[in-house]
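Please look over the sequence and the fold shown here, with attention to one strand and to a few charged pairs.

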Amino acid sequence: MKYVDEYRNSDIAKKYIDEIWKITKGHWMIMEVCGGQTHTIIRFNIDEVLPKNITFIHGPGCPVCVTPIEIIDKAIAIASMKDVIFCSFGDMLRVPGSNKDLFAVREEGGDVRVVYSPIDALKIAINNPDKEVVFFGVGFETTAPANAMAIYQAKKMGVKNFSVLVSHVLVPPAIESILKSPNNRVNGFLAAGHVCTVMGYTEYEPIAKKYKVPIVVTGFEPLDILQGVLMVVKQLEEGRYEVENQYTRSVRREGNIYAQNIIKEVFEVVDRTWRGIGGISSSGLGIKKNYEEYDANKKFNLDHIQSSEPEECISGLVLQGVKKPYECKAFGTLCTPEHPLGAPMVSSEGACAAYYNYKLNKV
């Protein structure tokens, strides 16, 4: 399969669906880890064509959604400073902090710019030596190599007016946190294919064995999801719990060694707070001491900022798979993509946005 149409072939989809119906006997709850997978499931009604005893639980795999509100508030504080150019991916600008978002800072006169890579932000720093240029470095293992490379290049070139506000999170500790929870309902996982493209999937093998849960590395198109579900259900019905790779066109077991090496050069594993979920031990990446001059959190020293979440928002329960978006009283009324209370409504990978865009009239 090389092109998008082939990943959406209805004849092949029907074969997968028929096979899933044929083998499914038990009641299974399957968590798709990535928000991109959630959007595919909801957009193409995959949840409605499978047996009723298969339930999708939407996972925490949206980097915008899980960036803690404290970091959003720090980003807003830095972006509001004089002589600062604040650079970010576009989807972070509408994420609400305690009182406002980065769009509001820009409307108030702040120099907030959308860039497409951290290297673009580094170039802005080189071209504006009289300004402090800060890049908002969020995301999972997928964006960490590029952010690490920007920091590495800045040090190598001796650029002093560039820094990164880092809030990287890691998938395997989040999966373990879900499995340890007394509220856990997950029987099997669709692991995020792009994360495994970078990191491989050896980290998942001890988790599958320890918690006796099948994990299938899965892509993002409809046929990827259906084949991934089929592989998970086969394992569950046969009483197996292994790591399998559906996304073979992109993922190798060892991952991308070059990307992993630049991550290890610049970052170290740290404890991290996840928005709506709380602290998870060893679940994030922070900048190593050798590169701390590029750590915006230390350069601007904003640890005194106090943050608060809106009481109406249940995004934490949605991100843990405990509640569906439409079970929130504010869904589609007080909380919409234009006026979001929480990040899952504004993010392009957020579960609340998926239900709002594709199912609002059905729930």
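Is Lys 299 buried, partly exposed or exposed? Lys 299 is partly exposed, at 31% relative accessible area, where buried means under 20%, exposed over 50% and partly exposed in between (1.4 Å probe, protein chains only). The model is a predicted one, in which local features need pLDDT of at least 70 and side-chain atom pairs count only at pLDDT 80 or more, while totals for chains, interfaces and linings use all residues. Residues are numbered from 1 along each chain as its sequence is written, and side-chain values use heavy atoms, with hydrogens and water left out.

Counting a salt bridge as a side-chain nitrogen of Lys or Arg within 4 Å of a carboxyl oxygen of Asp or Glu, the total is 19, including those in the table.

| Pair | N to O distance |
|---|---|
| Lys 14 and Asp 18 | 3.0 Å |
| Glu 132 and Lys 299 | 3.1 Å |
| Glu 292 and Lys 289 | 3.6 Å |

Glu 132 lies in strand E5 (residues 132-139) and Lys 299 in helix H15 (residues 296-300), so this pair ties together parts that are 167 residues apart in sequence; helices (H or I, at least four residues) and strands (E, at least two) are DSSP runs, numbered from the N terminus.

Strand E8 (residues 215-218) is covered on both faces, with Ile 215 and Val 217 buried on one side and Val 216 and Thr 218 buried on the other. E8 runs parallel to strand E7 (residues 188-192), joined by four bridges, and parallel to strand E9 (residues 243-245), joined by three, pairing being assigned if DSSP finds at least two bridges between two strands. Ile 215 is the bridge partner of Phe 189, and Val 243 in E9 is the bridge partner of Ile 215.
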